[in-house]
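Q: Please take a close look at the charged side chains of this model and at how they pair. A connected account, with the criteria stated, would be appreciated.

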Amino acid sequence: MSSDPPGFELPLRLFLGFRTLVDELHAELARQGHPDLRPMHGFVMQAIGTRGTTAAELGRRLGVSKQAAGKTIDTLERLGYVERGTDPGDARRKVVRLSARGVDSLARSARIFDDLRARWAAAIGEDRLRAMEADLRTLTPPDYFRVDIPGWFGGYQ
């Protein structure tokens, strides 16, 4: 009889670790003045980046339609996290950029993730956490901001 856990436990544990970190992040973001942010919003704002993007480009980055990207942009604009404008190089091109509130939420998220990582390091030890991170870098694609997986984020607006 094998003492190894069943194969399905690995993806579940990885997902639970992700979910634990993201849930704790959002609870803290809510306490710090960003109660309306949802996990998908962070992915979208990361995909928008510091230079801004169009709805069509955002849809390609996220693996969703331009219309789906546009709906998420509408939501983030209504919440004050992004602003729409024109491209200085092409007035016909509409660009979405992070607002000051959007930049603030990402800066807070980075600090909160650092705090959460420190808590995990305190719980299991810095060496074990670094080894786990190194192992995950070995096993996962190097483009960690690539989130173009159609259907994964359906229903988040």
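A: Contact is taken here to mean heavy atoms within 4.5 Å. The model is predicted, and local features need pLDDT of at least 70, side-chain atom pairs count only at pLDDT 80 or more, and totals for chains, interfaces and linings use all residues. Residues are numbered from 1 along each chain as its sequence is written, and side-chain values use heavy atoms, with hydrogens and water left out.

The account may begin with His26, which is found in helix α1, residues 9–31; helices (H or I, at least four residues) and strands (E, at least two) are DSSP runs, numbered from the N terminus. Apart from its neighbours within four places in sequence, His26 is in contact with Leu37, Arg38 and Pro39. His26 has a relative accessible area of 16% and is therefore buried, given that buried means under 20% relative accessible area, exposed over 50%, and partly exposed in between (1.4 Å probe, protein chains only).

Attention now turns to charge pairing. Side chains of opposite charge can pair when their charged atoms come close. The criterion for a salt bridge is a side-chain nitrogen of Lys or Arg within 4 Å of a carboxyl oxygen of Asp or Glu. A search of the whole structure finds 13 salt bridges.

Helix α1 also holds Arg19 and Asp23, placed 4 residues apart, about one turn of the helix. Their side chains form a salt bridge with an N to O distance of 2.9 Å. Arg19 is partly exposed, at 44% relative accessibility, and Asp23 is likewise partly exposed, at 36%.

The salt bridge between the side chains of Arg108 and Asp104 has an N to O distance of 2.8 Å. Arg108 is partly exposed, with a relative accessible area of 23%, and Asp104 is partly exposed at 27%.

Asp87 and Arg93 provide a further case, their side chains meeting in a salt bridge at 2.5 Å, N to O. Here Asp87 counts as buried because its relative accessibility is 16%, whereas Arg93 counts as partly exposed at 30%.

Finally, salt bridges also link several residues together: Arg117, Glu126, Arg130 and Glu133 are joined in a network.
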